[in-house]
Amino acid sequence: MTNTQLNLFEMPEQPVAFVMNVKYRPSPPTVNVADIRTEAQQNRSISYDVGEKIGGARKDLAQQRKAFLEKPSSHLLNDLESQDTVTAAEVIIRDTFFNWFSLEDCRQRNVNPGIAKAIQLFINRIPKVSKDTKEDRLKYTNSLLLISDLLQTVKTKEEFYLFESRIIEAFTASQNPPSIEGEETYIASVKAKLGAGEYKSESVIKESILGLQKSTARLILMEQSFSLFRFKDYPGPFKNYFYGRDSRRTMLTKAFSIKNWDELLPPTTSEKPQSKGKVVRKPVWERTLPSTPVRQAGTEVHLTEPKAYVDHFNFRASEFGHYLPDDVAQNHLQRSAEAYTDLAELLRIPVKAVSHGGRLAMAFGSRGRGRALGHYEPARQVINLTKEKGSLGILAHEWFHSLDHYLYNRSYDFKNGMAGYVTEESYGTLPIDVRIAIEELVESIKIGDSTAYIDVKDCTNSYNLRRSFTELYEEVHGDLHRFMEYRLIDLDARIENNLRPYVGAKRERVAMKYAKQRNKHIRTDAEALAEYHFKQTGEKVERIPYPVDRSEYFQHAITMDKGQIGKYWSSNVELAARAFEFYIHEKLKEQNWTSDYLVCGIRDSVFPQNEKEKFRILYSMDKFIESIRPLLAD
C-alpha cells in the first residue's frame, strides 16, 4: 500500500467544479423557481416558500392531524396519507382509537366492573402500532374502528361474549374471505317470502326475521372484513387471545373475578397529592455549539434570497416557518449556502449534486420538534434546520441521512416509496463496488475490540460454583476481565461445536437460539463472579467487564441506548451519520478550514475516539465517497 493510497484527504490536482478563494456571485435564478408563499408570508422579502410545495410541514398538517385524532376515519386517513406518511404513521396508534376508554368512564356508564376490566385487558392486547405500509395502516384503522365501535356497546357479560363472536366472525372472514353473494341471495329470498306471506306460522316468521337480522349483521361484517388485518399479520397477545384457549381463559377469569368497583377503583381520599412539579428529562447528550459560527473555508458565495438559493444548488424547494423573520431567514440561507459549498468542495462534487438530482428540499424553522437542532424527513426528502440555533453545526449529519436515503431510493429506481437506508444494508440494484464500499464502511464502524459491562449491583442471586469456576478465578489472580474472557472463549468453542451438524437456514435458526443462550450465560457468569469476588476480597463490584468484538465507538453508542442494540444511538443509520460528521471534520482540518454551520461540536465520545478506529473509518468513508461520486455527479 503506497503513501498515495493512505493519504485520505489529498486534494485533486485539478479541483472539480470549484476554484479556491474566488468570490462567486450567482446568476439570476431561472424562471422555473416558483414563488409559492403562503398568505402569512405575503409581505416577506426572504422568508417565503419557493419551488415545489413540500407539504407535511406543521403549518400544513396541524388541522388534518387534529381532525383525525378527534374522530378517526379511513377517509381522513387517506387525506393525511396524501400529505405525509410519517405523520400518518404517528397518529395510527392504538391510543388514538381508544381515547374514549377509562375505568372511571365505565363506572359512570354503569358497566359491570368485571366487564370493564375485561375490556381494558382486551384493549391492552391489541397491537400498539400498525405495520409500515399504507395498506397496513388502512387495515389497522378499519380493524380498530370496528373493535372500538363494538366495545362501546358492551356493559354485561352476555354483550362481551357477543362482541367476541362478532370479532371472530369478522377477522376470520378477513383471512378466508366469504362469499358475499350467497349471503345476499339468502337475505333477498327471506325478504321475498316474508313479503309474499309464504310464512304462515308466527314462530316461523319470528325465526325468519331473527335469521334475517343475523344475516344482515353478518353481511356488514363480511364487507368490513376485506379491509381488516389478518391474525397472522400481528402475532402475539392479540392472536393468542383467539387461538390460545389458556390465554383467553386466564384473562377472563382474572377480569370476571372482580365483583365491585371498589376493587377496581379504590375510593380516593379528599386530600390532594402534593405536586412534584414538572419532571425535566436531561438529554443523553447535547452538542457543544459556539455562540457565533465561524467560517474560514473555500469559495465565497453570496445568496440573498430563496429563489437564487434553490436555483444555485438545484434544490426541489425551500420552506420557511411562519415565525421565521427575514433577517433570521437570510442568515440561514447564507450560512447553509456556504456550508453546502464547502461540502461540495470537500467531496469533490458539483454544487448542484448536493441536492441529489433535484430531489432534496430545505426547510428552516418550519418542521422542528422537541430538542432536535434539525432532522431529515425521508417521506418528504427534506432537511429541516431549527429557527433559533444560528450556529447549528449539524448540516453534514442531516445531509448524510438524505444521502443514505437517496441511495436506497435510487437502488429501487425511485419506485419503492419506503423510508429505507443503505446503511441498513438494503442495497437494491446498486453497483457492486458501491455495495462493497457500504459493507466495508458499516464493518469499520461496528467491528473491533472493546469492553462491555454487565450491571450486577442489584443482583441478589446466590450460586453454587463448580470447581472449574473457582480454579479459573485463582488462575487469573482475580482479574475480572480475563476471567470473563476465558469463560467466553470456552463457551464460544462449545457453541461452535454444537453448530457443526447444521447447515444453511437451519444453522442460522439454531445459531440465533444459541446467541440468546450465550447472553444468559454471560449474565449468570458475571453475577456469580461478582458474588465470589466479594467473598474472596470483600470488594463489592457493581459492573463486571467482558470483551466484545465491537468497536469502542459502537459499544459506547450501545451504552447510550442503555444496552438496547440498534435502538437509536447504536443504529446503523445514526452511527454512519456521526461517522460522516467526523470524516468531514477531519477533511476540514486537512485543509486548515473551519465551517461551523456544516459541522462542529464533535469532540465527545459520541464520535470516534480510538485512533485505530478513526483511521479505519476515515479510510472506509473515503472509499465509500469515491464509489458514489459518479452517482452524485450523474
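How much space lies in the largest cavity? About 40 Å³.

First, the ground rules. This is a predicted model, in which local features need pLDDT of at least 70 and side-chain atom pairs count only at pLDDT 80 or more, while totals for chains, interfaces and linings use all residues. Residues are numbered from 1 along each chain as its sequence is written, and side-chain values use heavy atoms, with hydrogens and water left out.

The protein chain has 24 helices and 9 strands. These are DSSP runs numbered from the N terminus: helices are H or I with at least four residues, strands are E with at least two. Of the 634 residues, 46% count as buried. Buried means under 20% relative accessible area, exposed means over 50%, and partly exposed is in between, with a 1.4 Å probe and protein chains only. A contact means heavy atoms within 4.5 Å. Among contacts between residues at least 6 apart in sequence, 73% join residues at least 24 apart.

Now the sheet. Five strands form an open sheet with mixed pairing, in the order S1-S3-S4-S6-S5. Strand S1 (50-51) and strand S5 (374-377) each have a single partner strand, so one side of each is left without a neighbour in the sheet. Two strands count as paired if DSSP finds at least two bridges between them. Strand S3 (residues 317-320) and strand S4 (residues 361-364) pair in the parallel sense over 3 bridges, and Phe 320 has Phe 364 in S4 as its bridge partner.

Are the residues on the two faces of S4 buried or exposed? Ala 361 and Ala 363 on one side, and Met 362 and Phe 364 on the other, are all buried. In a regular strand, side chains alternate between the two faces of the sheet.

Helix H15 lies across S1, S3 and S4, at about 145° to S3. Helix H17 (residues 395-411) lies across S4, S5 and strand S6 (382-385), at about 10° to S5. The axes are lines fitted to C-alpha atoms, for helices over the stretch in contact, and angles run from 0 to 180 degrees between N-to-C directions.

Gly 298 sits in the loop between strand S2 (295-296) and helix H15 (306-313). Gly 298 is buried, at a relative accessible area of 4%. Its C-alpha atom is 9.9 Å from that of Ala 344, which is 46 residues away along the chain.

Back to the cavities. The search of the whole structure finds 2 of 30 Å³ or more. On a 1 Å grid over the protein atoms alone, a cavity is a set of points where a 1.4 Å probe fits but cannot get out, and lining residues have an atom within 4 Å of a point. Grid points are joined across faces, edges and corners, and a volume is the space filled by probe spheres set on the points.

Residues lining the largest cavity include Arg 295, Arg 335, Glu 338 and Asp 596. Helix H16 (residues 326-347) gives the most to this lining, with 3 residues. The second largest cavity holds about 30 Å³, and among its lining residues are His 356, Tyr 376 and Tyr 406.

Last, helix H22 (residues 552-560). Its buried residues include Tyr 553, Phe 554 and Ile 558. Among the elements covering the buried residues of H22 are helix H18 (432-446) and strand S7 (447-455). After H22 comes Lys 562, with a positive phi near 55°.

Terms used: 1 Å grid on protein atoms, 1.4 Å probe; cavity = no way out; pocket = protein on both sides within 12 Å on 5 of 7 lines; lining within 4 Å.
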